Amino acid sequence: MFPFNFEWIWDMGHAVFMGGLWYALTILGIGMTYCIIKAAIDASKENGEHHH
Amino acid sequence: MDSALIPKGVKRCPLWQFLLFTGAVGIVLLWGVYAMLLCWFKGLNQTNMNDYYGFALWIWADLAVIAVGGGAFFTGLLRYIFGKDALKNIINYAVLIGFICYSSALLILAIDIGQPLRGWFIFWHANVHSMLTEVAFCLSCYFGVLTIEYIPLILENRQIDKVPFFHHLGHNMHEIMAVFAATGAFLSFFHQGSLGGVAGVLYGRPFAFREGIFIWPWTFFLYTWSAAACGPCFTILVTKITEKVVRKKLVKDNAIELLAKISGWMLLTYTMAKTYDTWYWFTVTAPSKGFALMDFYSNNPLYGIWMLVVEIGICGLIPAVILITDKGRKNSMTLWIAVILAVIGVCLNRWVMVLQVMAVPVMTFDQWVLYIPSWQEVATTILPLAYGIILIAISYRYLPVFPNEPELNPIEPLNEEETAVESPVELEQELKPAEA
C-alpha cells in the first residue's frame with residue numbers, strides 16, 4: 001500500500017507498518033543493487049585485464 | 001556423470017544412488033503436491049478445520065518450522081554481528097535450514113489462505129492493527145534475506161563460480177553480509193514476536209491472554225526468545241542427522257559446542273522466564289478472568305496438564321542443563337538427547353499456543369473438542385519435510401555447504417576413469433567417519 005492509495009490514512013499505524021516494510025525492502029534492494037553493479041564492474045575489469 | 005559439478009576435495013555417492021534417494025523422497029513430495037492441489041482447486045472443505053479450529057495443523061506446523069528455523073537468524077547474528085568466528089563452519093547449513101523452514105512456512109500459508117491468488121492483498125490492503133500483518137511483512141522480507149544469504153552458496157558451485165560475474169557477485173555479497181544479517185535479525189525479532197503476540201492479545205481466550213509492556217504481551221518476547229534458544233538446537237540436530245546419513249563428520253566440534261553452549265544459556269533463561277510467566281498467569285491473570293488452572297486442562301489425550309510439565313520441565317529445563325555443562329555438550333549421547341528435547345519442547349509450545357487455545361471451552365455451553373486432521377492436511381504438512389530433504393540432498397551434493405568437510409574427510413585424489421569404475425562398496429568404505 002502506498003500513500004496515493006484510497007485506503008491510506010496518515011496515522012501512526014500506517015506510518016510504522018508500511019514505513020517498516022519499505023525500510024526493510026529498501027535496505028535489501030540497495031544492498032543487492034550495489035552487489036550486482038560492483039560485480040559487473042569487477043567482471044568487466046577482469047575481462048579487460050585478460051584481453052591486455 | 002555430474003562430477004564436474006561436485007565441490008573439490010569431497011566425495012559423493014554415485015549419481016544413480018543419489019537419484020534413487022531423491023526419487024523415493026520425491027514420491028512423498030508428489031503426494032503432498034496432490035493434496036495441495038486438491039485444497040487449491042476444491043477449497044478448504046478438504047480439511048477438517050471447523051468453527052472451533054480455525055487455526056489447525058497447518059498453523060501449528062507453520063509456527064513450529066518458523067521457530068526451529070530461528071537458528072538461521074540467531075546463528076547469523078552471532079556470526080556476523082557478534083563476531084563468533086567459529087560459527088563460520090556451520091553458518092551455511094544454518095542458512096540452508098532456515099531457507100527451507102521459511103519457504104515451507106510461506107508454502108503452508110499459501111495453502112491455508114484458501115485463495116492464493118489473493119495472497120498479495122495482505123500487502124496492498126494491509127490491516128495495520130493486526131499482528132498477523134506484521135508477521136506477513138516480516139516473514140516475506142526475511143525470506144528475501146535468507147534467499148540473499150543462500151545465493152552466495154549457490155554461486156560457489158564449481159561451474160557457476162567460473163563465470164567472472166557470478167564469482168564477483170558471490171564475493172561482494174559475502175562482503176556486506178553483515179548488513180543483510182542485521183536486517184534479518186531485526187525482521188526475525190518482530191515476526192517471531194508477533195506470532196506470540198497474536199496469542200497474547202486474545203483477551204477472549206484466557207488460556208492465551210497475557211499482560212505485557214506497551215502494545216506487546218509477554219508472549220511476544222517469549223516466542224522470540226524460544227526461537228533463538230531452540231532454533232540453533234534444530235540446526236545442530238539436522239547437522240547430526242546429516243552426519244549420520246552420509247557417515248562423515250562435517251562440522252568441527254568447536255562450532256557445535258559453541259552453538260550448543262549459547263543455545264543452552266538461552267534455553268535456561270527462557271525456561272525461567274516461561275516458568276515465571278506461567279506462574280503469574282495462573283495466579284493472577286487467569287483468576288482475574290474467572291478461571292482456575294485446571295479449567296484449561298482436560299483428561300483427554302491431547303490437552304492434559306502433563307503437557308505443561310513436559311514442555312517446561314522435560315523439554316526445557318533438562319536440555320538447558322545438559323547444554324550449559326561442558327560434559328553434557330561434549331558427550332555425543334547427551335547432546336543428541338538435549339537437542340531433540342529442545343526441538344520437541346518448542347514444537348509442543350507452539351502446539352499448546354495454537355491448538356489448545358482453540359480447544360479450551362470459554363463459554364458455559366462450550367465443551368472440549370478434539371481435532372483430527374484430514375489426510376490432505378497431513379500430506380501438505382509432510383510436503384515441506386520431503387522438499388527440505390531433497391533441497392538438502394541437492395545442496396550437499398553440489399555446493400560447498402560444509403567448509404570443514406575436505407579437511408575432516410581427506411580423500412586420495414582419483415582420476416576420472418577411477419571415479420567412473422569405483423564400486424559402491426568401495427565408496428561406502430570411504431564414507432566412514434574420518435578421524436577428526
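The model is predicted, so to speak of local features a pLDDT of at least 70 is needed, side-chain atom pairs count only at pLDDT 80 or more, and totals for chains, interfaces and linings use all residues. Residues are numbered from 1 along each chain as its sequence is written, while chains are lettered from A and ligands numbered from 1 in the order in which they are written.

**Chain A**

Chain A contains 1 helix and 0 strands; helices (H or I, at least four residues) and strands (E, at least two) are DSSP runs numbered from the N terminus. Along the principal axes, the C-alpha atoms of chain A fill a box of roughly 60 × 15 × 10 Å. Of its 52 residues, 10% count as buried (20 or more other C-beta atoms within 10 Å of the residue's own, with C-beta atoms placed from the backbone).

**Contact between the chains**

Chain B gives 23 residues to the contact and chain A gives 23 residues; two residues are in contact if their C-beta atoms, placed from the backbone, lie within 7 Å.

The largest share, 7 residues, comes from α6(B). By class, the side of chain B that touches chain A has 15 nonpolar, 7 polar and 1 charged residues. Ala, Val, Leu, Ile, Met, Phe, Trp, Tyr, Cys and Pro count as nonpolar, Asp, Glu, Lys and Arg as charged, and the others, Gly among them, as polar.

**Helices of chain B**

Helix α3(B), residues 70-81, reaches 16 Å from its first C-alpha to its last. In α3(B), 11 of 12 residues are buried, including B:Phe73, B:Phe74 and B:Arg79. The cover includes α2, α4, α6, α8, α9 and α10 of chain B. Just after α3(B), B:Gly83 has a positive phi of about 70°.

The axes of α4(B) and α9(B) come within 10 Å and cross at roughly 105°, which means that α4(B) is roughly perpendicular to α9(B) (65 to 115 degrees). B:Tyr93, B:Ala94 and B:Ile97 of α4(B) make this contact with B:Phe234, B:Thr235, B:Val238 and B:Thr239 of α9(B). These comprise 5 nonpolar, 2 polar and no charged residues.

Technical notes. Expected span 1.5 Å × (residues − 1). Axes fitted to C-alpha atoms, helices over the stretch in contact; angles between N-to-C directions. Parallel < 35°, antiparallel > 145°, perpendicular 65-115°, else oblique.
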